[in-house]
Amino acid sequence: MSEQNNKKRFDLDENEIPRFWYNISADSPVAPTPVFDPGTKEPISVETLLKLFPMPLIEQEVSMERYIPIPDEVRDIYKLYRPTPLIRASRLEKVLQTPAHIYFKYEGASPAGSHKLNSAIPQVYFNKISGTKALTTETGAGQWGSALAMAGEMFGVGVEVYMVNASYLAKPYRRIIMQTYGAQIFPSPSEHTKIGRSYLEKDPNHPGSLGIAISEAVEVAAESNGEKKYGLGSVLNHVLLHQTVIGEEALKQMDLAGEYPDVVIGCVGGGSNFSGLSFPFLRANLRDGRKTRFLAVEPTSTPSLTRGVYGFDYGDSFGIVPILKMYTLGSDFIPDPIHAGGLRYHGMSPLVSGLYNAGLLEAVAVGQRDVFAAAIQFARAEGILPAPESAHAILAAINEAIDARDKNEKRVILFNLSGHGLLDLSAYDQYLHDGMISGSVAEGQLEGLAERLPKVKMP
């Protein structure tokens, strides 16, 4: 091992913040899939999309250009926290007694506490220059809502957040952060929308889901006569595009470390942080013949890749969001209320879904109790308390390192620590006092799933 490899941290200068986002669609062997109107079940029109998104983001969504320039105004705000550090988890390696080298990209260094700011800033910027007055959105654990609220305040764009009720109650400090940045927050399902009221009529104590929160946010945007647009924290192509600043930086930082990853790992709910780290490395596989493995880690409570169906489905629970081709558990699926609220989504990004279906990615589902055990082991070794979402990637990285130890095999492991868990202490308290479920899916919930999906009119 070289002296350079004994370093703990690998940092870049702010001048090395990427100047372009990477678009995997330009290199993917998987053909783009059409998007369908939820009402007509026919290919969606630009006019319909414009009710939700400004034209610059629609153009990014369908672009086949390999690199999309990052505006200077966006890069200037990125400088508040980017480049983020790449850290060698050498103390964890010693605890595990593994020959593997473990690295993590730490996105929790951002002011919002997670990777979500990477897309919130450009989304608000492109809305601002397009004349949008306010944005509506959903949030699970509150990381996306916090990021969009912060970005909205910076550009003078109002933000209205529908926060999954289970998280609204369990994570009050996320709510306070959003309010501090000037956002309006509603527990979802809420009394504020027709869709929310329809769910509350059936169950006044409904725990909510990301799918329902999306429905509410979209309802408000679509009925605002153009005053409000909708911002999404994951799933769509342009969101994954913005997150590739993570992987572009990590490529340079792995060069500083003098190593290259054998496996790249990230947690997945909709796919944003996993894609942000992995897509630039996948480009090296597709264009340069590299052999890196890519492992997406999801909860056993929402196992869309490992147990879902690959087909066309609504992006929300009420059926008013465009229909996408993705791995899905069904738009009516309500997951167990695990603490990783950002992973409680019924579907998976179309880009991630297509690549997984083509065999270019791997996936594994893990239980919540094992996830928190790994989070605590990591925190005790490395001193960083991870978000419950990020801890899914930590568990998989630990399992890879143990596998390398058992096989006496050198292995370079890179994972994305997509956010800190400093506002998730109640979840840690629950685990430490043995009051935590692992989360699961009953077979009956998935019965007849393929037949329940919407039928679209292929062009």
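Four strands form an open sheet in the order E8-E7-E6-E9, and the pairing is parallel. Helices (H or I, at least four residues) and strands (E, at least two) are DSSP runs, numbered from the N terminus, and two strands pair if DSSP finds at least two bridges between them. Strand E8 (184-188) and strand E9 (228-230) stand at the edges with a single partner strand each, so one side of each is left without a neighbour in the sheet. On average, neighbouring strands of this sheet are turned by 25° against each other, direction ignored.

The model is predicted: local features need pLDDT of at least 70, side-chain atom pairs count only at pLDDT 80 or more, and totals for chains, interfaces and linings use all residues. Residues are numbered from 1 along each chain as its sequence is written, and side-chain values use heavy atoms, with hydrogens and water left out.

Strand E6 (residues 134-139) is joined to E9 by 3 bridges, and the two run parallel. Within this pairing, Leu-135 stands opposite Lys-229 in E9, while the bridge partner of Thr-136 is Tyr-230. Helix H10 (residues 210-222) packs on the sheet and touches E6, strand E7 (158-164), E8 and E9; its direction makes about 170° with that of E6. Contact means heavy atoms within 4.5 Å; axes are lines fitted to C-alpha atoms, for helices over the stretch in contact, and angles run from 0 to 180 degrees between N-to-C directions.

E6 also pairs with E7, in the parallel sense, over 6 bridges, and here Thr-137 stands opposite Val-161. Together with helix H6 (residues 143-155), these two strands make a right-handed β-α-β unit; right-handed means that, with the strands pointing away from the viewer, the path from the first strand over the helix to the second runs clockwise.

How far is E6 enclosed by the rest of the structure? Of its 6 residues, 6 are buried, so the strand is largely enclosed. Buried means under 20% relative accessible area, exposed over 50%, and partly exposed in between (1.4 Å probe, protein chains only). Both faces are covered, with Ala-134, Thr-136 and Glu-138 buried on one side and Leu-135, Thr-137 and Thr-139 on the other.

The view now widens to the nonpolar cores. A nonpolar core is a set of buried Ala, Val, Leu, Ile, Met, Phe, Trp, Tyr and Cys residues joined through side-chain atoms within 4.5 Å. The largest has 90 residues, and those with the most contacts inside it include Trp-21, Tyr-230, Phe-281 and Leu-414. A second, separate core of 37 residues includes Ile-102, Val-371, Phe-372 and Leu-395.

Rings of Phe, Tyr and Trp (its six-membered ring) pair if their centres lie within 6.5 Å; planes under 30 degrees apart count as stacked, over 60 as edge-to-face and the rest as tilted. Phe-53 and Tyr-230 form a tilted pair, 6.0 Å centre to centre with 50° between the planes. Phe-53 lies in the loop between helix H1 (46-49) and helix H2 (55-62) and Tyr-230 in strand E9, so the pair ties together parts that are 177 residues apart in sequence. Phe-53 is buried, with a relative accessible area of 7%, and Tyr-230 is buried at 2%. Tyr-260 and Phe-281 form an edge-to-face pair, 5.7 Å centre to centre with 65° between the planes. Finally, Trp-21, Tyr-125, Phe-126 and Phe-155 form one aromatic cluster.
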